[in-house]
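I would be glad if you read them with the model open beside you.

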Amino acid sequence: FHEKWKRKDSLFNFPAPFRIVLAGPPNVGKSTMIKHILLHQDPPFEEVVVVHCDPENTAEYDDLGGEDCNVTITDQIPRPSEWSDQNTKTLCIIDDLELKHLSKQQKSNLDRAFGFCSTHKNVNICLAVQDVFNIVPSVRRMSNIWVLWKNCDLDSLSNIARKCGMLTSEL
């Protein structure tokens, strides 16, 4: 289930499994970019799990799913045993969670989702955050795609580039 990049693929058709961090201030298009990634996947995702701080009152992911895709919206990061088998191509969207305030079990589930479930259970992850510095270092290190929006604090952008091993000229 490990995909390879093909020349004819859409630029949003990232080879699975991927672990994407989308970081930027509110209302810059993080959720919209996640939807573009979802729409351009070939083969498409069969299951989508949205982890949101307020699953009952969020409407931004109401248009996901269809007859071939099962969508679940929750406020808990699933345990490794709760993910489908490796034959089900899954997208996990983690949006608007306060990562610093997760319980010990939820931090463990996040770490295992990035480290184990992504590669062994075919779980692709999109983590949308406003502050990169709230992401635990292990998750930052395991992320293989970064999308950064311009921040009003350019000093923090330089720190992000330094901590993530990017050159500031690439920003």
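**Notes on the sheet and an aromatic cluster**

1. Six strands make up an open sheet with parallel pairing, in the order β3-β2-β4-β5-β1-β6. At its edges lie β3 (70-74) and β6 (145-148), each of which pairs on one side only, and neighbouring strands are turned against each other by 15° on average, direction ignored. Strands (E, at least two residues) and helices (H or I, at least four residues) are DSSP runs numbered from the N terminus, and two strands pair if DSSP finds at least two bridges between them.

2. This is a predicted model, in which local features need pLDDT of at least 70 and side-chain atom pairs count only at pLDDT 80 or more, whereas totals for chains, interfaces and linings use all residues. Residues are numbered from 1 along each chain as its sequence is written, and side-chain values use heavy atoms, with hydrogens and water left out.

3. Strand β1 (residues 19-23) pairs with strand β5 (residues 123-129) in the parallel sense over five bridges, and leucine 22 stands opposite alanine 128 in β5. Helix α2 (residues 104-120) lies across β1, β4 (90-95) and β5, and runs at about 145° to β5; axes are lines fitted to C-alpha atoms, for helices over the stretch in contact (heavy atoms within 4.5 Å), and angles run from 0 to 180 degrees between N-to-C directions.

4. Two aromatic pairs are counted under the rule that rings of Phe, Tyr and Trp (its six-membered ring) pair if their centres lie within 6.5 Å, with planes under 30 degrees apart counted as stacked, over 60 as edge-to-face and the rest as tilted. The rings of phenylalanine 14 and phenylalanine 18 have centres 5.9 Å apart and planes at 65°, so this pair is edge-to-face. The rings of phenylalanine 18 and phenylalanine 45, with centres 6.3 Å apart and planes at 80°, are also edge-to-face, and ring pairs thus link Phe14, Phe18 and Phe45 into a cluster.

5. Because phenylalanine 18 lies in the segment before β1 and phenylalanine 45 in the loop between α1 (30-39) and β2 (47-52), their pair ties together parts that are 27 residues apart in sequence.

6. Lysine 89, in the loop between β3 and β4, lies over the face of phenylalanine 45 at 5.1 Å from the ring centre; the criterion is NZ of Lys or CZ of Arg within 6 Å of the ring centre and within 35 degrees of the ring normal. Lysine 89 is buried, with a relative accessible area of 5%.

Key
Buried < 20%, exposed > 50% of the residue type's maximum accessible area, 1.4 Å probe, protein only.
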